[in-house]
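Please look over the structure shown here, with attention to a pocket and to some individual residues. The questions that follow take these topics in turn.

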Amino acid sequence: MSRIGKKPISIPSGVKVAVADGVVTVEGKEKLTFRLPEHVNVEIEDNSISVVMADDSRAASAMQGLTRSMIANMVSGVVTPFKKELVIVGVGYKAAISGQKLTLNLGYSHPVEYQVPAGVKVTVTDGLKMLVEGCDKQKVGETAAVIRRFRPPEPYKGKGIRYADERIILKEGKSVG
């Protein structure tokens with residue numbers, strides 16, 4: 001039995017939750033949808049949502065916890081957006097955004113251009129700090145991870161793109177001797 005899956009999710013005021021044809025729809029500032037896996041059902045009572053297993057299989061228990069987490073993230077995401085902060089470290093490295101296109105100069109012979117997905121907003125400050133935010137936790141995390149992959153921090157000087165709270169342990173360089 002999933003301990004996380006058994007916990008009910010409270011619905012804050014201003015948020016509408018509906019279940020129809022195996023799809024959960026959460027509406028607040030934005031509208032998010034999630035297709036339910038086959039082993040679980042969702043029940044809405046008063047101001048809470050409960051995720052119930054359809055059978056007692058191991059897969060149903062795993063899907064109950066996953067579904068409960070996904071719906072809880074959707075409910076909290078429409079109330080307050082999720083944020084990931086990225087920092088660029090390196091001489092000559094910089095970022096710029098125009099519309100939904102992010103342009104990164106990361107020491108390559110060409111600028112790297114990335115089309116930001118719909119539902120995600122990227123803000124660049126000082127050319128070195130990026131804020132990725134949106135209502136869908138999965139999209140925000142994936143977008144931040146894709147941007148970081150263009151130039152991950154290297155272990156000798158620490159140059160590259162890193163999360164703001166990430167700590168890079170630098171290696172010692174070669175010693176002459």
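Q: Is R162 buried or exposed, and which side chain of opposite charge is nearest to R162?
A: In this predicted model, R162 belongs to strand β13, which covers residues 160–163. R162 is buried yet has no salt bridge. A salt bridge would need a side-chain nitrogen of Lys or Arg within 4 Å of a carboxyl oxygen of Asp or Glu, whereas the nearest side chain of opposite charge lies 5.8 Å from R162 and belongs to E166.

Q: Why does I97 count as partly exposed?
A: I97 sits in strand β8, residues 94–98. The partly exposed class lies between the buried limit, under 20% relative accessible area, and the exposed limit, over 50%. I97 is therefore partly exposed, because its relative accessible area is 30%.

Q: Which helices and strand each supply at least two residues of the lining of the largest pocket?
A: The largest pocket, with a volume of about 200 Å³, is lined by residues including L32, F34, M70, N73, K137 and Q138. By class, its lining has 5 nonpolar, 3 polar and 2 charged residues. The elements that each supply at least two lining residues are β4 (31–35), α2 (58–79) and α3 (137–149).

Conventions
Residues are numbered from 1 along each chain as its sequence is written. This is a predicted model: local features need pLDDT of at least 70, side-chain atom pairs count only at pLDDT 80 or more; totals for chains, interfaces and linings use all residues. Side-chain values use heavy atoms; hydrogens and water are left out. On a 1 Å grid over the protein atoms alone, a cavity is a set of points where a 1.4 Å probe fits but cannot get out, and a pocket is an open set with protein on both sides within 12 Å along at least five of seven lines; lining residues have an atom within 4 Å of a point. Grid points are joined across faces, edges and corners, and a volume is the space filled by probe spheres set on the points. Helices (H or I, at least four residues) and strands (E, at least two) are DSSP runs, numbered from the N terminus. Ala, Val, Leu, Ile, Met, Phe, Trp, Tyr, Cys and Pro count as nonpolar, Asp, Glu, Lys and Arg as charged, and the others, Gly among them, as polar. Buried means under 20% relative accessible area, exposed over 50%, partly exposed in between (1.4 Å probe, protein chains only). Lys and Arg count as positive and Asp and Glu as negative; His and the chain ends are not counted.
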